[in-house]
Amino acid sequence: MQFLTVVIRRSLYAFLLLLAVIVFNYTLLSMVPGDIAETIAGESGGASAELMAEIRRSYGLDQPFYVQLFGYVGRVLQGDLGSSYYFNVPVLDLILGRLGPTLLLVITALLLAIFTGTLFGVIAAQRPNGIFSHFITILALIGFSAPVFWTAFLLIILFVSMVQIMPLSGLADPLTESGTWQWYLDVAHHLILPVVSLSSIYLAQYSRLARASMMDILGSDYIRTARAKGLGQRVIIYKHALRNAVIPVITIAGLQFSHIFSGAVVIETVFSWPGLGTLAFESILRGDTPTIMGILFFSAFVVIVFNLLTDLAYRIVDPRIRHSGTA
Amino acid sequence: MNRFFRMAAGGAALLAATAMSVPMAQAEPKQGGTLTMIYRIIAGHFNATIASGTPTGIPATQMFAALIRYDDQWRPHPYLAESWKIADDGLSVQVNLRKNAVFHDGHPITSEDVAFSIETIKANHPFKTMYAPVTKVTTPDKYTAIIHLSAPHPAIELAMSSQLGVIIPKHIYGEGNIRKNPRNSQNLVGSGPFKLKEFKPGEYIIMERFEDFFLEGRPYLDRIVFKKMSESTSRIIALETGKADISPFASDPQELTRLKKSKHLTLTPDGYSAIGPLNWLAFNTTRKPFDDKRVRQAIGYAMNKELMIKILYSGFAKRATGPIHPGSAFYSSDVNNYAYDMAKAKALLDAAGLKPDADGIRFKTTLNFIPGGAVWKRWSEITKAQLKKIGIDVTLKASSDFRSWIKTVAGHDFDMTLDSVFNWGDPVIGVHRTYQSTNIRKGVPWHNTQQFRNADVDAIMEKAGLENDLAKRKALYAQMQKMVVEEAPVIYINESPYHTIYNHDRVGNPPTDSIWGTSSPMDNVYIKQ
């Protein structure tokens, strides 16, 4: 019951927060110099003053600010994110079309990083001064300090230009019929380099985190008790220690989700991956306000939901939080 | 070099060529194959009647036919129009359409569609001067359209070509606000050699051969895949590894230098003379001290343009000398070319009363530049250094994005700016706008943002815009170029070094046989293997 109250209360906060985000974003964007009429004029190599006024009128930009704001908030609450100035299609369609590729990229990269990272960390923690542990430290250092676009280009030069076994860009070859098994294979093939590049940063973080957290736990009382009980090393590590060691990993993974757009932008640009990151970036350059607003709203929504879910995941993994009711 | 168009249209190009208009190629072209084209931008839609710009133009000219097409010698040829004739008084143009032409949905292309397209362009296209003198378009029969003009308008032929004059179906685009018509980008119905198969916004366009295209046996290609690739490094690798066949509008010197080394690639500057891109330094001629033409001229002399081209463009760009692009039929080199001369520059500033102070500074000013591309930033730095030598202290003003730059320059809130402006075929379309005193419109980019006023230049441009005699018109523009360069509202530096890069092992008849380059129909292009 208490758990349910927490969920409801948090959902209400989340809603208010989201509303504040919309108002704030809209206000902020309206302060940006230039508008869609100038973008159209810029791309067209000029436009007449009459045409620019006509464009502004047709997009409702000649209305006072507060009218535009209330109109927008009202439409968003009804689930209407408006239409893209640039593509002239509903923003929601645009976002949903790009969401799949971004989630595929980010989740795959994140999972790869979490599993291999945790595994590396756990193995390294058992012999903190062994060769493997040092190797991981170095790998983590390189992965974390190398700019992600650099890693990406390095991989491209290696596997696209020199050894030509990987595709260069896109989600799949445009001529492969989508939905067929060849297409899925093609997507998987196209996914490899972006995922490896993107996970290189996360991998570093997770292996370090898992290593530190594991070492910490291996020195704790209940592990010593377990050892004293005569439990085997494997059981201690993977059944008792690991369960606690992954808590910080889950925390970070949850928070990381809020970075999915920013982290993936560079990779999406380098690989022409049709994701939300590039859409956001390019929409900003194009002054496509409805699309920018839509993406900001959407990412705020995702962050808030994932923070909620992380919180719930804690409660399930860690009984102390579950019973305290707060936190 | 006129490899593909064998029929000369003859002299002043007023007479329409015969029905025999299918351009003949030297090599034996093959049917079939896919052309993969990469470009750094992808447009939001392909309706060229309401928008200009090359991202729209390149695909639009594949999917929509214009009435006329041009070869690489500025000669017009029949395209969707079987023939056309400008009346002797210059006040009307009779267009005779091909009778076998149909839209992608099978509807015949009629004079009604021509009238509708021209009216749509007149009402919506950013280049108002293209059809400004058009009073009405009448349709005496299904295949004849007569364009009525309020005054002679020699620019009309170019306005009827390539992306400027595409013909769209009235039965599809005639209803509602055309700017918001969803069929500008999806389920598009065109009149050109290729039809839209699939458009993924922001990703790629697949265009497929239109079987019922009005030119027998064309196009040769089965399809064109147009992919967006915004990263320069990715484009280089795509071209080097053969993943892409052709890349238009390449201008990055590093990209060009590197790709020049690939044996299977050809880099050509051909095909950009109609677009006519010029890079220049523009002044706000209403601000002190730039209201004095001697100051503007002094800056012209103080800039070592040859050195800048060498440093900035690794030798890929050519010098520009005046308001008209060197590739244009109206270009005249008989102008003051402001050869690098520090002494002259200093003398002019002295004469203007701008003497150096104790620190050697004559005056302080600012320089804006277009954002995007490292070249502009470096260009501004070199300019700053060069002007320092004659005692001008320049503060560089970077703009965070394109719109901020437009706001500053179009809002007339600048001293000097670096800019890139296109000629767009006829001087009436892309040149007059920069110098006409009637075209000073605050808030609108690429108008007369210099706020340059000269009654003589105005008069001569007006006369040239009405002159149907080619030789007389050339003479008028030669005079205009001389006057504008002398007045120096703008210092011309170079042609933008646009190149089309293509894989010559695969691409036959590359689209460089027209003044419009890749913004012309690629029905000629074929795949060799």
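From the N terminus on, the elements of the predicted model of chain A run α-α-α-α-α-α-α-α-α-α-α-α-α-α, giving 14 helices and zero strands; helices (H or I, at least four residues) and strands (E, at least two) are DSSP runs, numbered from the N terminus. The model is predicted, and local features need pLDDT of at least 70, side-chain atom pairs count only at pLDDT 80 or more, and totals for chains, interfaces and linings use all residues. Residues are numbered from 1 along each chain as its sequence is written, and chains are lettered from A. The C-alpha trace of chain A spans about 85 × 60 × 35 Å along its principal axes. Of its 327 residues, 47% count as buried (under 20% relative accessible area, 1.4 Å probe, protein chains only).

The second largest pocket holds about 740 Å³ of space. A pocket is here an open set of points on a 1 Å grid where a 1.4 Å probe fits, with protein on both sides within 12 Å along at least five of seven lines, and lining residues have an atom within 4 Å of a point; the volume is the space filled by probe spheres set on the points. Among the 32 lining residues, A:Tyr26, A:Leu61, A:Gln68, A:Tyr85 and A:Thr289 are the closest to the pocket centre. Helices H1 (2–30), H3 (49–58), H4 (65–77) and H13 (289–317) of chain A each give two or more residues to this lining, and H4(A) gives the most, with six. Domain 1 (2–77) and domain 2 (99–322) of chain A each supply at least three lining residues, the domain bounds coming from an automatic or database assignment.

Note on methods. Heavy atoms only, no water. Buried < 20%, exposed > 50% of the residue type's maximum accessible area, 1.4 Å probe, protein only.
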